[in-house]
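Here is a short report on a two-chain structure.

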Amino acid sequence: MRPGPPGPVCEIAPRARTALPGFGWIVLQRDGRRPLAIEGRVVLTADNACAGFAWRSEIVIYETAAGLLAVSLCHAGTAEQGPPWRDAFLSDDPAALRAALLAHDPVAAIAPCRDDDLAGGARAAQRFAAIWRGLLGALFGLRVPGMAAA
Amino acid sequence: MNAIDPALARAAEGGLLIRLRRDGAPPLRFAGRKLAAQDGACAQAGLWHEIGFYAGRGGDWALGITLWRASPRGRAAVRCHAWRFDTLETAVVAVETHDAAGDVCPGIAAPELPLDDAAATPLTLALRAAGLERVRRDVARRYRIGAGALLAALAWQGK
């Protein structure tokens with residue numbers, strides 16, 4: 001969190017008329033774009049890190065002082081696979097936010113082109129997709145099609 | 001890419017003489033300092049972008065983007081770009097809109113397209129083109145990660 005409004009590089013989310021206590025400036029990194037700056041606070045953080053599996057995702061949901069919701073996503077593997085993939089978006093509608101998360105394909109976000117390790121790569125991708133669906137199921141309390149019973 | 005020629009470098013008002021390599025043009029030289037950089041090198045990348053964002057002493061901005069490939073001596077440049085900008089906004093837009101996939105050259109750490117080879121079958125060409133497209137997509141994907149991280153680092157600096 002930063003004490004004052006961030007500089008001109010950020011895209012600044014719609015602001016509230018007055019500053020509210022408990023809400024501070026947060027800069028959210030985005031994929032290939034300038035970051036999103038929100039005057040917000042964390043609502044929840046969820047991740048699906050599994051012991052023994054390098055790939056993991058993290059979802060953080062924020063509410064802004066203007067009454068919007070912001071989500072930041074992060075997918076990370078080992079250091080050899082490169083820096084984490086990060087993106088963030090704003091929404092005024094929780095249903096739209098849920099739909100966007102359900103439609104997000106984490107394997108497409110992180111899929112490398114080198115398939116000299118195809119067998120391991122395909123299995124790892126399947127497992128990564130499965131634990132992502134598990135993360136969404138835990139967040140939204142629904143049974144996502146394709147998920148085996150725990 | 002951020003080669004600071006020791007013979008020419010001088011510290012003045014906290015800045016240095018920066019020299020950015022460019023394809024097909026003399027290096028871009030200016031007095032300034034590096035604000036943020038991202039190097040996409042990692043064990044699994046055969047091609048990666050390095051991005052450097054600079055503030056010029058005259059209140060302008062500069063951007064250097066280089067596509068590197070692995071070589072026996074560590075790395076070798078495939079494409080080098082460098083530009084100066086009068087405003088921060090145009091520099092940021094340049095980072096966001098750079099055509100990273102377009103930096104990939106067929107045959108340089110990427111599949112070659114045997115367009116002049118009469119013996120190449122349509123299947124061969126199609127497979128090579130698909131392989132090249134996958135390399136381009138991966139390079140673009142890695143570039144976007146680095147660009148997002150660089151712009152976030154600039155934002156954290158209060159720029």
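Does D31(A) count as buried or exposed? D31(A) counts as buried, at 14% relative accessibility. The cut-off for buried is under 20% relative accessible area. Note that the model is predicted.

**A bridge across the chains**

D31(A) is a partner in a salt bridge with R144(B). The closest N and O atoms of D31(A) and R144(B) are 3.0 Å apart. This pair crosses between chains. D31(A) sits in the loop between β2 and β3 of chain A. R144(B) belongs to helix α2 of chain B, residues 122-156. Side chains of opposite charge can pair when their charged atoms come close.

**The interface**

The count between chain A and chain B is three salt bridges. Another of the salt bridges joins R34(A) to E89(B), with the closest N and O atoms 3.0 Å apart. R34(A) and E89(B) also belong to a network of salt bridges that takes in E96(B). Four residue pairs are in polar contact between chain A and chain B, both residues at pLDDT 80 or more. On the side of chain A that touches chain B, the elements giving two or more residues are β2 (24-30), β3 (33-47) and α2 (106-110) of chain A. The residues on that side of chain A divide into 16 nonpolar, five polar and eight charged.

In total, 29 residues of chain A are in contact with 27 residues of chain B. The area buried between the two chains is about 2,300 Å². Carbon and sulfur atoms give 56% of that buried area.

**Salt bridges within the chains**

A search of the whole structure finds 13 salt bridges over all chains. Two of the pairs lie within a chain, one in chain A and one in chain B.

In chain A, the side chains of E63(A) and R41(A) meet at 2.8 Å, N to O. E63(A) lies in strand β4 (residues 56-64) and R41(A) in strand β3 of chain A, so the pair ties together parts 22 residues apart in sequence. E63(A) is partly exposed, with a relative accessible area of 27%. R41(A) also counts as partly exposed, at 34%.

In chain B, E50(B) forms a salt bridge with R75(B). The pair links strand β3 (residues 47-56) to strand β5 (residues 74-85) of chain B, with the two residues 25 apart. E50(B) is buried, with a relative accessible area of 8%. R75(B) is partly exposed, with a relative accessible area of 34%.

| Salt bridge | Closest N and O atoms |
|---|---|
| R34(A) and E89(B) | 3.0 Å |
| D31(A) and R144(B) | 3.0 Å |
| E50(B) and R75(B) | 3.2 Å |

**Chain B as a whole**

How many helices and strands does chain B have? Chain B has two helices and five strands. From the N terminus on, the order is β-β-β-β-β-α-α. Of the 159 residues of chain B, 45% count as buried. The accessible surface of chain B comes to about 7,800 Å², and 54% of that surface belongs to carbon and sulfur atoms. Among contacts in chain B between residues at least 6 apart in sequence, 49% join residues at least 24 apart.

Conventions
Residues are numbered from 1 along each chain as its sequence is written. Chains are lettered from A and ligands numbered from 1 in the order in which they are written. This is a predicted model: local features need pLDDT of at least 70, side-chain atom pairs count only at pLDDT 80 or more; totals for chains, interfaces and linings use all residues. Side-chain values use heavy atoms; hydrogens and water are left out. Helices (H or I, at least four residues) and strands (E, at least two) are DSSP runs, numbered from the N terminus. Buried means under 20% relative accessible area, exposed over 50%, partly exposed in between (1.4 Å probe, protein chains only). Contact means heavy atoms within 4.5 Å. Accessible areas come from the Shrake-Rupley method with a 1.4 Å probe; for residues, only the protein chains shown count as cover. Buried area is the accessible area (1.4 Å probe) that two parts lose on being put together, summed over both. A salt bridge is a side-chain nitrogen of Lys or Arg within 4 Å of a carboxyl oxygen of Asp or Glu. A polar contact is a pair of N or O atoms within 3.5 Å; within protein, one must be able to donate a hydrogen and the other to accept it, and residues adjacent in sequence count only if both atoms are side-chain atoms. Ala, Val, Leu, Ile, Met, Phe, Trp, Tyr, Cys and Pro count as nonpolar, Asp, Glu, Lys and Arg as charged, and the others, Gly among them, as polar.
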